Amino acid sequence: MNKEFYIESSISICNNKVISEGKELFGSDSKDFSTFSKEVYKHFGTNYPKFFKMDNLSKLAFLGAEILLKSQKLNESDNDIALVLANRSSSLDTDYKYQQSISDKENYYPSPAVFVYTLPNICIGEISIRHKLYSENSFFIFEAFNPEFLTGYSEYLLKSGKSKKVLWGWVEYFQQEYKAFMCLISENGTQKHNIETIKKLYTE
Amino acid sequence: MGNLKEELKAKIIETLNLEDLSVADIADDDALFGDGLGLDSIDALELIVLMDKDYGIRLADPKEGRAIFTSIQTMADYIEANRTK
């Protein structure tokens with residue numbers, strides 16, 4: 001018999017807003033992501049100075065996970081949460097910045113702090129470090145949001161006992177254009193985890 | 001020397017994105033790593049780049065960094081003695 005899974009909570013971050021299940025948790029008139037992300041960080045009372053060293057993709061993923069997992073009150077014995085993230089632009093925004101920083105041969109000072117973020121899955125590492133997750137994780141690159149694959153893969157992780165919960169999502173950032181949609185799924189919850197519900201939450 | 005130390009503090013805050021710190025929060029003898037400012041290994045690499053870019057100092061042996069980057073005072077002492085810019 002097929003097990004059913006549920007969405008415990010979900011969140012969207014885009015267009016200077018943080019939205020969870022149709023409710024706006026935070027909104028801003030800021031002109032750029034750097035300002036907006038700092039406002040979100042402060043609004044939700046986050047205290048993690050390493051946040052300011054992250055690239056924008058990691059900041060976006062970090063904030064989504066931070067808000068979603070805050071209510072979970074995790075401790076190390078019950079934080080069996082797999083992470084599955086995906087996007088379209090990989091780490092191209094940071095790759096581009098890094099390439100620019102090394103393009104002038106007369107002024108060639110590659111920045112280690114920028115270079116470390118030239119992989120998209122670094123944002124999974126940042127979330128794992130913050131929440132002490134030693135779990136399964138994957139980062140996929142797709143042409144567009146792919147709920148069919150992401151729901152199926154996340155449910156596979158639950159069905160096969162790889163984790164008790166899965167935090168999966170779409171975290172896209174490229175040159176000030178961004179969209180994060182993340183959800184936490186498990187055997188508990190009120191909203192069924194299916195493509196129809198996910199598409200509805202994604203477009204809210 | 002006093003100006004150099006204040007300059008270094010401002011540069012470190014900006015380069016290493018230490019958003020919650022101001023120049024006044026950093027004492028000349030505060031440890032930069034460990035229990036002091038809590039810098040990490042990537043920060044150490046950034047400091048090596050900063051020494052090269054802004055003061056023309058290339059550290060041939062990264063192990064030298066351990067002593068040089070002990071505090072703002074040790075950094076300033078080393079820069080004063082070795083700067084080419």
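Visitor: What makes residues of chain A and chain B count as being in contact here?

Guide: In this predicted model, eight residues of chain A are in contact with nine residues of chain B. The test is C-beta atoms within 7 Å, so these residues have partners that meet that limit. On the side of chain A that touches chain B, six residues are nonpolar, one is polar and one is charged.

Visitor: How do you know that H2(A) and H5(A) pack, and at what angle?

Guide: Helix H2 (residues 56–70) of chain A and helix H5 (residues 122–131) of chain A have axes 9 Å apart, at an angle of about 35°. From H2(A), residues including A:Leu57, A:Ala61 and A:Ala65 meet a set in H5(A) that includes A:Cys123, A:Ile127 and A:Arg130. By class, this contact holds eight nonpolar, two polar and two charged residues.

Visitor: What makes A:Val171 stand out in the largest nonpolar core?

Guide: That core has 48 residues, and A:Val171 is among those that touch the most other members, along with A:Leu60, A:Ala61, A:Leu83, A:Leu85, A:Leu167 and A:Ala180. H2(A) gives the most to this core, with nine residues. Leaving aside residues up to four places away in sequence, A:Val171 touches A:Leu57, A:Leu60, A:Ala61, A:Gly64, A:Leu85, A:Asn87, A:Cys123 and A:Ala180.

Visitor: Which residues belong to the second core?

Guide: B:Ile12, B:Phe69, B:Ala76 and B:Tyr78 are among the 16 residues of that separate core.

Terms used: Residues are numbered from 1 along each chain as its sequence is written. Chains are lettered from A and ligands numbered from 1 in the order in which they are written. This is a predicted model: local features need pLDDT of at least 70, side-chain atom pairs count only at pLDDT 80 or more; totals for chains, interfaces and linings use all residues. Axes are lines fitted to C-alpha atoms, for helices over the stretch in contact, and angles run from 0 to 180 degrees between N-to-C directions. Helices (H or I, at least four residues) and strands (E, at least two) are DSSP runs, numbered from the N terminus. Two residues are in contact if their C-beta atoms, placed from the backbone, lie within 7 Å. Ala, Val, Leu, Ile, Met, Phe, Trp, Tyr, Cys and Pro count as nonpolar, Asp, Glu, Lys and Arg as charged, and the others, Gly among them, as polar. A nonpolar core is a set of buried Ala, Val, Leu, Ile, Met, Phe, Trp, Tyr and Cys residues joined through C-beta atoms within 7 Å. A residue is buried if 20 or more other C-beta atoms lie within 10 Å of its own, exposed if 12 or fewer, and partly exposed in between; C-beta atoms are placed from the backbone.
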